[in-house]
Structure formats: C-alpha cells, structure tokens
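The tour begins with the whole chain and ends at a single side chain.

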Amino acid sequence: QVQLMESGGGLVQAGGSLRLSCAASGSIFSINAMGWYRQAPGKQRELVASITSGGSTNYADSVKGRFVISRDNAKNTVYLQMNSLNPEDTAVYSCNLDITARGGWGRGYWGQGTQVTVSS
C-alpha cells in the first residue's frame, strides 16, 4: 500500500512565497515521474510542473520563472517552490507520483490536495 502526504499550503499575500511538499510512503519499489497539478474554482485541473526520474523538468507557461519543482529520491518526496505568487495562483494543488509498488504495477497516485490562497 502506498500513501502520499502533502503539506505546505496556506494563505499568502501577493508577491509572497510558499513551498509545497509531497512525501510518498509504503511499499514502494520505484518512483518515476512526479508532478504538481492545480484546480481553481470553476476551472479544469491543469499540470503546473513535472519532473522525471532523471531530473528533467517541465512547467506550465503561467508559472515559468516563478515556480521550481524538485525531488529528493532518498525521501520519496517532491517539492514545489512557489515564488512571486499572484491571486491567479489560488487553487487546490495536488501531487501525482508515478509509483511502482513492490510486487505490483506502476500507476499514478494522487495526494489529498492542499489549498493555496493568494490575497491581493
């Protein structure tokens, strides 16, 4: 069984920063790609950033230059450093990890979601 635990969301003023974390635990054989998604009220969920097992990163145009995704393979954790936040970044942020469980097949696992609210 695999569990994901997110942390780091909250309320911040425009121009501020937050750091999200998503830690995986349980019967893990390997973790491949890791990603952060967000969904704002009334909008579709969108990919914010992703990172491969080799460390290659990809960002949505709206966050390039402001957000940084990173991973700590020893801790089975992915981070999202969010800088220069603006009200348009307000959303529920969720991590998705491509995990192969011990004795099982690889599939995506979702975190529980964490609210990020940016006030103007």
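Strands here are DSSP runs of E at least two residues long, and helices are runs of H or I of at least four residues, each numbered from the N terminus. Please note that the model is predicted.

Begin with the whole protein, coloured by secondary structure. The protein contains 11 strands and 0 helices. Followed from the N terminus, its elements therefore read as β-β-β-β-β-β-β-β-β-β-β under the DSSP assignment.

Next, show the C-alpha atoms alone. Along the principal axes they fill a box of roughly 50 × 25 × 25 Å. The radius of gyration is 14 Å, which agrees with the value near 14 Å that a compact globule of 120 residues would have.

The protein exposes about 6,400 Å², of which carbon and sulfur atoms supply 48%. Of the 120 residues, 42% are buried.

Select the charged side chains. There are 10 positive and 7 negative ones, and the centres of these two sets lie 5 Å apart.

Then display contacts. Of those between residues at least 6 apart in sequence, 55% join residues at least 24 apart.

Finally, select strand 9, residues 91–101, and within this strand pick N96. Is N96 buried or exposed? N96 counts as buried because its relative accessibility is 16%, and the cut-off for buried is under 20%. To see what surrounds N96, leave aside its neighbours within four places in sequence: N96 is then in contact with A33, M34, G35 and Y37, as well as with G108, Y109 and W110.

Key. Residues numbered from 1 in each chain as written. Predicted model: local features only at pLDDT ≥ 70, side-chain atom pairs only at ≥ 80, totals over all residues. Heavy atoms only, no water. Rg over C-alpha atoms; globule rule 2.2 N^0.38 Å. Buried < 20%, exposed > 50% of the residue type's maximum accessible area, 1.4 Å probe, protein only. Contact = heavy atoms within 4.5 Å. Areas by Shrake-Rupley, 256 points an atom, 1.4 Å probe, with all protein chains shown as cover. Lys, Arg positive; Asp, Glu negative; His and termini not counted. Charge placed at Lys NZ, Arg CZ, Asp CG, Glu CD.
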